[in-house]
Amino acid sequence: MALKYLITGATGGLGSQVLAHLAATVPPSSLAAASSTESNRAQFEARGIAFRVTNFDDPASLEAAFDGVENLFFVSTNTFDNERRAKQHRNVIEAAKKVGVKHTWYTSLAFGGLRSDSKIDVQQAHLETEKMLKESGITYTSIREGLYTDAFPLFLQWYPSTETIYIPQDAQITYTSRDELGEANAKLLLKGGHENEIVLLTANEPLSAGDIVRIINETTNRNVKVKIVSSEEYVRYHTANDEGKKTEWFWNKRLSWFEGIAKGDALLSNPLMREVLGREPKKASAMIREVLQENPNYTWHQNYVDKEQYRATLPRK
């Protein structure tokens with residue numbers, strides 16, 4: 001039976017939000033959720049939503065999952081290893097083409113805005129995937145997703161215990177609510193169109209690290225400071241002291257983030273998200289303040305190599 005929409009990464013932060021907004025609008029029988037874990041099946045089938053297992057390293061599983069799908073919402077895989085990510089993404093695109101998916105919607109990343117010349121390391125796999133999509137001949141839309149406001153601790157390398165933030169330079173970043181991105185993506189899928197286009201979803205308020213630190217201090221009664229250091233000291237300091245246990249490899253890759261952001265790759269502005277939502281997206285400064293008022297020890301999962309270490313930071317229910 002044909003399925004109108006299949007959402008990969010349906011248990012993740014963005015995919016779950018997209019699915020929730022779709023489920024509030026269209027019959028659950030028109031939806032399918034996909035993830036790599038079979039044990040997630042029951043939670044979706046209990047809501048009348050079909051479930052399909054997707055292993056991005058196993059093309060056969062992808063072909064089976066995508067069979068009969070009209071709109072594939074393809075959430076990029078969660079790895080900082082560009083080579084592995086590109087291989088996984090190629091598997092998805094080839095499977096979508098083989099089984100005849102009508103429209104593939106890819107969650108790209110917004111570094112560089114609508115330009116395609118960003119040198120930021122994490123953006124490279126997204127640019128490569130967009131190239132694959134174009135060359136594949138399938139119908140696609142690449143949605144360059146705004147940089148998550150929710151992830152501000154990762155951009156600052158801030159933990160609740162942090163007294164001084166060490167960064168090589170401080171430039172402005174436009175942050176966007178992940179929940180609102182979920183809503184905007186769902187509305188794009190429902191509206192359709194944008195065939196073989198790259199689009200940008202972003203809010204419009206830029207903030208520096210200094211701006212965010214002021215909010216942290218005002219909201220949580222801390223006295224966090226920002227210290228600008230050399231690139232070499234940045235890598236050395238975080239390799240030795242990172243609470244989340246990320247390696248020197250990661251910190252060296254992060255240098256390209258700072259270089260690109262200093263050149264304006266994260267200074268984003270576009271009207272599409274406002275048009276799709278029908279309102280102005282939430283300002284990052286207001287959202288960060290709200291998040292910290294609710295949980296002064298808020299942190300972000302990608303700050304931690306060990307997921308159990310991250311879970312230990314979460315408030316107990």
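Trainee: Is Thr-164 buried, partly exposed or exposed?

Mentor: Before the answer, please note that this is a predicted model. Burial is read from relative accessible area, and the middle class lies between 20% and 50%. Thr-164 has 25% relative accessibility, so the residue counts as partly exposed. It belongs to strand S8, which spans residues 164–167.

Trainee: Which residues is Thr-164 in contact with, once its neighbours within four places in sequence are left aside?

Mentor: Thr-164 is in contact with Lys-225 and Lys-227. Thr-164 and Ser-118 are 46 residues apart along the chain, and their C-alpha atoms are separated by 29 Å.

Trainee: How should I read the buried residues of a helix, for example those of H1?

Mentor: An α-helix has 3.6 residues a turn, so residues three or four places apart point the same way. In H1, residues 13–23, the buried positions are Leu-14, Gly-15, Val-18, Leu-19 and Leu-22. These residues cover an arc of only 130° around the axis, which places them on the same side of H1.

Trainee: Which residues of H9 are buried, and which are exposed on its other side?

Mentor: H9 covers residues 231–241, and Tyr-234, Val-235 and His-238 are buried there. Viewed down the axis of H9, the buried residues fall within an arc of 90°, so they line one face of the helix. Glu-232, Arg-236 and Ala-240 are exposed on the other side of H9.

Trainee: What do the buried residues of H9 pack against?

Mentor: They pack against S8 and H10. With residues up to four places away in sequence not counted, Leu-255 touches Pro-168, Ser-231, Tyr-234 and Val-235. The C-alpha atoms of Leu-255 and Val-235 are separated by 8.2 Å, although the two residues are 20 residues apart along the chain. Leu-255 has 14% relative accessibility and therefore counts as buried.

Trainee: Is the charged residue Asp-121 buried or exposed?

Mentor: Asp-121 has a relative accessible area of 18%, which means that it is buried. The residue is located in helix H5, residues 121–136. Its contacts, not counting residues up to four places away in sequence, are Phe-80, Asn-82, Lys-253 and Ser-256.

Trainee: How should I read a pair of helices, and at what angle do H3 and H4 cross?

Mentor: One considers the approach of the axes, the angle, the handedness and the residues that meet. The axes of H3 (residues 59–66) and H4 (residues 82–99) come within 9 Å and cross at roughly 45°. That angle makes H3 oblique to H4. The crossing of the two helices is right-handed.

Trainee: Which residues meet where H3 and H4 are in contact?

Mentor: From H3 come Pro-59, Leu-62, Glu-63 and Phe-66, and they meet Asn-91, Val-92, Ala-95, Ala-96, Lys-98 and Val-99 of H4. By class, this contact has 7 nonpolar, 1 polar and 2 charged residues.

Trainee: How do H8 and H12 cross, and which residues make up their contact?

Mentor: The axes of H8 (residues 209–220) and H12 (residues 284–294) come within 10 Å, with a crossing angle of roughly 35°. H8 passes H12 in a right-handed crossing. On the H8 side are Ile-212, Ile-215, Ile-216, Glu-218, Thr-219 and Thr-220, which meet Ser-285, Ile-288, Arg-289, Leu-292 and Gln-293 in H12. The residues of this contact divide into 5 nonpolar, 4 polar and 2 charged.

Trainee: What is the phi of Gln-157, and what is that of Lys-245?

Mentor: Most residues other than glycine have a negative phi. Gln-157 has a phi near 55°, a positive value in a residue other than glycine. Lys-245 is not a glycine either, and its phi is positive at about 70°.

Trainee: Where do Gln-157 and Lys-245 lie, and is each of them buried or exposed?

Mentor: Gln-157 lies in the loop between helix H6 (152–156) and S8. At 4% relative accessibility, Gln-157 counts as buried. Lys-245 is in the loop between H9 and H10, and at 60% relative accessibility this residue counts as exposed.

Note on methods: Residues numbered from 1 in each chain as written. Predicted model: local features only at pLDDT ≥ 70, side-chain atom pairs only at ≥ 80, totals over all residues. Heavy atoms only, no water. Axes fitted to C-alpha atoms, helices over the stretch in contact; angles between N-to-C directions. Helix = DSSP H or I, 4+ residues; strand = E, 2+ residues; numbered from the N terminus. Parallel < 35°, antiparallel > 145°, perpendicular 65-115°, else oblique. Left-handed = near helix turned anticlockwise from the far one by under 90°. Contact = heavy atoms within 4.5 Å. Nonpolar A, V, L, I, M, F, W, Y, C, P; charged D, E, K, R; others polar. Buried < 20%, exposed > 50% of the residue type's maximum accessible area, 1.4 Å probe, protein only. Arc of directions from axis to C-beta.
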